Amino acid sequence: MQRKDDLFSPYKMKMMNDRRLSHRVVMASMTRCRALNGIPNEAMVKYYSQRATNGGLIIAEGTFISPTAHGYPDCPGIYLEEQVEAWKKITDAVHAKGGFIFCQLWHVGRASHHVYQPGGGAPISSTNQTISSRWKILLPDRTLADYSQPKALASSKIPQIIDHYRQAAINAIRAGFDGTEIHAAYGYLIDQFLTDGINDRIDEYGGSLKNRCRFLMQILDAVIEAIGIERVGLKISPTLYHQDAHDSDPLALGLAVIEGLNKVQQKQGLKLSHLQIQAGTFTDGITEKEAHLLRELRGRYQGTFMISGGFNKELGIKAIAEGAADLIAYGRLFLSNPDLVRRFEIDAPLNLYDVATFYSHDPVVGYTDYPFWDENSEN
């Protein structure tokens with residue numbers, strides 16, 4: 001029988017040499033724009049160390065895999081040796097507190113601007129279509145602008161991008177990460193191939209579900225070969241409308257991805273670290289339609305199932321107790337509550353987050369200055 005406190009029960013993940021997570025509260029990846037010039041720094045060491053728990057899992061912020069992957073100011077990369085060395089201080093700090101940390105491999109694709117691209121070129125994508133003006137991009141000076149028109153990747157250039165993912169995964173393990181999460185959600189590069197609302201290709205990467213999933217599956221194969229399947233997770237968001245990403249049949253798309261993942265796992269004889277589904281907005285929770293999709297995907301996926309999308313403590317407990325997920329990823333609540341797991345355990349009130357400081361470059365304000373519940377906590 002499920003217990004009401006199952007959110008705080010252990011969970012076994014193979015990627016950690018059979019060590020168990022001590023609870024099911026995962027820190028979700030969150031863009032924070034504090035890595036000046038793309039290099040992780042001491043403020044980031046403190047930020048992640050504050051939120052690390054013994055036996056807890058952190059998915060680090062989206063981390064650019066190459067120079068063309070950029071689309072936000074001051075976000076970290078994992079393609080330069082200097083970045084690898086800088087990340088080591090963060091992974092060491094998390095491990096010192098008994099925690100685990102994954103690197104989220106990120107390429108924004110067309111969700112970029114020419115100011116972020118090498119030589120001021122066009123961002124790459126599955127398509128030549130620009131993100132509509134209802135969405136805005138944050139420029140290096142923190143002003144907002146329209147997205148630049150992208151250039152559709154020639155099929156002959158796709159192997160190079162796949163290799164960037166492969167090398168980034170190798171670099172992440174060298175930097176001390178316990179694993180990687182491939183970011184295939186939110187309308188970023190991989191999602192631009194997955195969704196039929198964006199992908200208008202007529203080659204082997206467009207049209208049918210199988211073709212639209214091809215890019216993702218090739219990336220997975222390359223990363224798995226490089227670092228091992230148990231160190232590889234995936235994040236998708238088939239129902240989330242973000243940056244014009246939408247699909248005419250999100251359930252079919254989600255099931256197609258899962259069918260591919262299950263085949264990979266059967267071939268390997270081992271499981272991926274996890275599949276994370278973002279099935280709701282960042283603050284409003286999950287609708288009944290989204291809950292139905294989650295149930296369908298949960299029933300078909302043969303592995304660790306993580307969900308995110310505006311959960312609070314009560315909804316997280318309910319989801320675990322009902323078997324809707326194995327793990328719950330929390331974003332904004334973790335941002336403003338470095339001791340979120342402890343607060344959940346003792347029913348302490350939560351700090352409110354300040355949206356105005358989400359993407360500031362300040363290394364303290366709105367970043368490492370959120371108070372702990374216990375004034376004597378080491379922070």
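**Entry 1: helices H1 and H2**

I looked up which residues join H1 to H2. From H1, I noted Glu42, Met44, Val45, Tyr48 and Ser49. They meet Trp87, Lys89, Ile90, Ala93 and Val94 in H2. I sorted the residues of this contact and got seven nonpolar, one polar and two charged. The model I am reading is predicted.

Next I took the geometry. H1 covers residues 42-51 and H2 covers residues 81-96. Their axes lie 9 Å apart, and the packing angle is about 20°. Angles under 35 degrees count as roughly parallel, so H1 is roughly parallel to H2. I also checked the hand of the crossing, and for H1 and H2 it is right-handed.

**Entry 2: helices H3 and H5**

I moved on to helix H3, residues 158-174, and helix H5, residues 209-227. At what angle do their axes cross? I found roughly 35°, with the axes coming within 9 Å. The crossing of H3 and H5 is right-handed.

Then I listed the contact. H3 brings Ile158, Ile161, Ile162, Tyr165, Arg166, Ala169, Ile170 and Ile173. H5 brings Phe215, Gln218, Ile219, Ala222, Val223, Ala226 and Ile227. By class, the residues of this contact divide into 13 nonpolar, one polar and one charged.

**Entry 3: helices H6 and H7**

The next pair was H6 and H7. H6 spans 250-268, and H7 spans 288-300. I read their axes as coming within 10 Å and crossing at roughly 15°. That angle makes H6 roughly parallel to H7. H6 passes H7 in a right-handed crossing.

On the H6 side of the contact I noted Pro250, Leu251, Gly254, Leu255, Ile258 and Asn262. On the H7 side I noted Leu293, Glu296, Leu297 and Arg300. The residues of the contact of H6 with H7 come out as six nonpolar, two polar and two charged.

**Entry 4: the cavity**

How many cavities of 30 Å³ or more does the structure hold? I found one. The largest cavity contains about 40 Å³ of space.

I wrote down its lining: Ala184, Asp191, Leu194, Ile236, Ser237, Pro238, Leu253, Gly254 and Val257. Gly254 was already in my notes, in the contact of H6 with H7. Which helix gives the most to this lining? H6 does, with three residues. Helix H4 (189-194) and H6 each supply at least two residues. The lining divides into six nonpolar, two polar and one charged.

**Entry 5: the second largest pocket**

Last, I looked at open space. The second largest pocket contains about 390 Å³. I counted 18 residues in its lining. Which of them lie nearest the centre of this pocket? They are Ala291, Lys318, Ala319, Glu322 and Ala324.

H7 gives the most, with five residues. By class, I found the lining of the second largest pocket to be eight nonpolar, five polar and five charged.

**Entry 6: cross-check**

H7, in turn, gives five residues to the lining of the second largest pocket.

Notes. Residues numbered from 1 in each chain as written. Predicted model: local features only at pLDDT ≥ 70, side-chain atom pairs only at ≥ 80, totals over all residues. Heavy atoms only, no water. Axes fitted to C-alpha atoms, helices over the stretch in contact; angles between N-to-C directions. Helix = DSSP H or I, 4+ residues; strand = E, 2+ residues; numbered from the N terminus. Parallel < 35°, antiparallel > 145°, perpendicular 65-115°, else oblique. Left-handed = near helix turned anticlockwise from the far one by under 90°. Contact = heavy atoms within 4.5 Å. Nonpolar A, V, L, I, M, F, W, Y, C, P; charged D, E, K, R; others polar. 1 Å grid on protein atoms, 1.4 Å probe; cavity = no way out; pocket = protein on both sides within 12 Å on 5 of 7 lines; lining within 4 Å. Points joined across faces, edges and corners; volume = space filled by probe spheres on them.
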